[in-house]
Amino acid sequence: MKYPYFPGCTLYTKAKSFDEAGKAVALKLGFELEELEDWTCCGASFPLAEDYDIALSSPTRALVNGAKVGDKLVTLCAICHNVLKRTNNVMKTNPERREKVTGFIEEEYDGSLDVVHYLEILRDEVGFEALGEKVEKPLAGLKVGAYYGCLLLRPADEMQMDDPDQPSIMEELLVALGAEPVDYPMKSECCGAFQVVHSDATATRCSREIIDSAQSRGAELLITACPLCQFNLEDRQNEMKEEDTGMKTLPVLYFTELLGLALGLGEAMLDTEKHFTDPKPILASHGLVAADAEG
Amino acid sequence: MRKKICAENIGNETQEKIKELSMQNVYACYQCGKCSAACPATEEMDMLPNQVIRYLQLGMDEKVMEANTPWICASCLQCMSVCPKGVDLARIMEAIRMIQLRSGKNEISIREFDDEYRKRAPQIALISGYRKFLSLS
């Protein structure tokens, strides 16, 4: 089965391992992600102002291109997913705005495409039980906090992926991989998002609260589907450690990296150089990767 | 400072614009404060999220325009998720930002980011930040 796929800007560069592991895992599970031709940036934030139609033109073009090659468009990045899915909802439900935007990009589109997140493909198409049977390296004993953040879940009536207060899709995935999901109260709180370029204190504090919450419940690492959350949660730890030298760091992986590891695709799934907090020591302590010589 | 609340100020041009951009009715709000309770960023805000709506209800939009609150909002949508009256406060925050950005305000300066940070930060942080904090973006 081949699915049209929208990677987005960050998965091409800073979050390459998210993309590469996602593609490799797909092949292992019997489906293929086929990148859209000529995609452009989705805009990285859904325009909340009702008259800001121009900001819908780029995501709409991606939707139009997706609809030309299939009936589903798969995403990995939580922000791209949110922008594309919400834009699609405007195209579906608001004829006036649809006419304006499609007229501007000179395309026909009615919102018929289904924007689907990779996690939903795993749950609804592959099935977590079937996925579990393909696990070669069970993540036994590894305590993992699933970090959802905002955009996969909210607004719930548009995103329709999971319960926005008690999400469980990533926990179900972790169970299938043999890991121990850690339930913690802050899993769908905001990391500070783009405030990191404005009020970095907000991003540092919000990220710290999430990390503390997960660690207090015993999490040894976090998984996420958002490159901005991943960046904030890991990169902000440098600031946190300056304030609190005794702070225990917490690695934050893309869920596809951990998935690849469990499916036996090896350490190549982890882009340890791109991680600001090295996940290897904790993974090595569970025998999931080779221990580094220096320790 | 004493502030006079008068009916003439209610529904002025700025408030009409906020309503038009956000598609939200501030009078639906009965000030339960759940938005402020749910907001993860109040610590850095100088006006609580529910107070933003309260000032708009009272026709005191200039207070809202001076507040840092819309600029600290991260559009995480916790407020709209918990609102019992279905008010999407994130859209009101966006409208308040938009009115100012469209009149030329820049809330951040790209030049202030050092090269090392620009290389380290993912595109997604920069682009979404530019969209929220710079005029003409």
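How many helices and strands does chain A have? Chain A has 12 helices and 8 strands, where helices (H or I, at least four residues) and strands (E, at least two) are DSSP runs numbered from the N terminus. The model is a predicted one, in which local features need pLDDT of at least 70 and side-chain atom pairs count only at pLDDT 80 or more, while totals for chains, interfaces and linings use all residues. Residues are numbered from 1 along each chain as its sequence is written, and chains are lettered from A and ligands numbered from 1 in the order in which they are written.

**Overall form of chain A**

- For 295 residues, a compact globule would have a radius of gyration near 19 Å, and the 19 Å of chain A agrees with this; the radius is taken over C-alpha atoms, and the globule rule is 2.2 Å times the number of residues to the power 0.38.
- The C-alpha trace of chain A spans about 60 × 45 × 30 Å along its principal axes.
- Of the 295 residues in chain A, 55% are buried, a residue being buried if 20 or more other C-beta atoms lie within 10 Å of its own, exposed if 12 or fewer, and partly exposed in between, with C-beta atoms placed from the backbone.
- Among the contacts in chain A with a separation of 6 or more, 77% join residues 24 or more positions apart, and two residues are in contact if their C-beta atoms, placed from the backbone, lie within 7 Å.

**The parallel sheet and its helices**

- An open sheet in chain A is formed by 4 strands in the order S2-S1-S3-S4, with parallel pairing; two strands pair if DSSP finds at least two bridges between them.
- Strand S2 (32-35) and strand S4 (114-117) of chain A are the edge strands, each pairing on one side only, and the twist averages 45° from one strand to the next.
- Strand S1 (residues 2-6) of chain A pairs with S2(A) in the parallel sense over 4 bridges, and Lys2(A) stands opposite Glu32(A) in S2(A).
- Helix H2 (residues 54-69) of chain A lies across S1 and strand S3 (72-75) of chain A and runs at about 170° to S1(A), where axes are lines fitted to C-alpha atoms, for helices over the stretch in contact, and angles run from 0 to 180 degrees between N-to-C directions.
- Helix H3 (residues 78-93) of chain A lies across S1, S3 and S4 of chain A, running at about 160° to S4(A).

**Packing of H2(A) against H4(A)**

- H2(A) and helix H4 (residues 95-105) of chain A pack at an angle of about 75° with their axes 9 Å apart, and are therefore roughly perpendicular to each other, since angles under 35 degrees count as roughly parallel, over 145 as roughly antiparallel, 65 to 115 as roughly perpendicular and the rest as oblique.
- In this packing, Leu56(A), Ser57(A), Thr60(A) and Arg61(A) in H2(A) meet Val101(A), Thr102(A), Phe104(A) and Ile105(A) in H4(A).

**Surroundings of Leu261(A)**

- Leu261(A), found in helix H11 (residues 255-262) of chain A, is buried, with 26 other C-beta atoms within 10 Å.
- Not counting residues up to four places away in sequence, Leu261(A) touches Lys137(A), Met269(A), Leu270(A) and Leu288(A).

**Chain B**

- Chain B is divided into domain 1 (7-105) and domain 2 (108-137), with bounds that come from an automatic or database domain assignment, and the C-alpha centres of these domains lie 24 Å apart.
- Helix H9 (residues 123-133) of chain B is mostly covered, as 8 of its 11 residues are buried, and these buried residues pack against H3 and helix H10 (227-243) of chain A together with helix H7 (89-102) of chain B.
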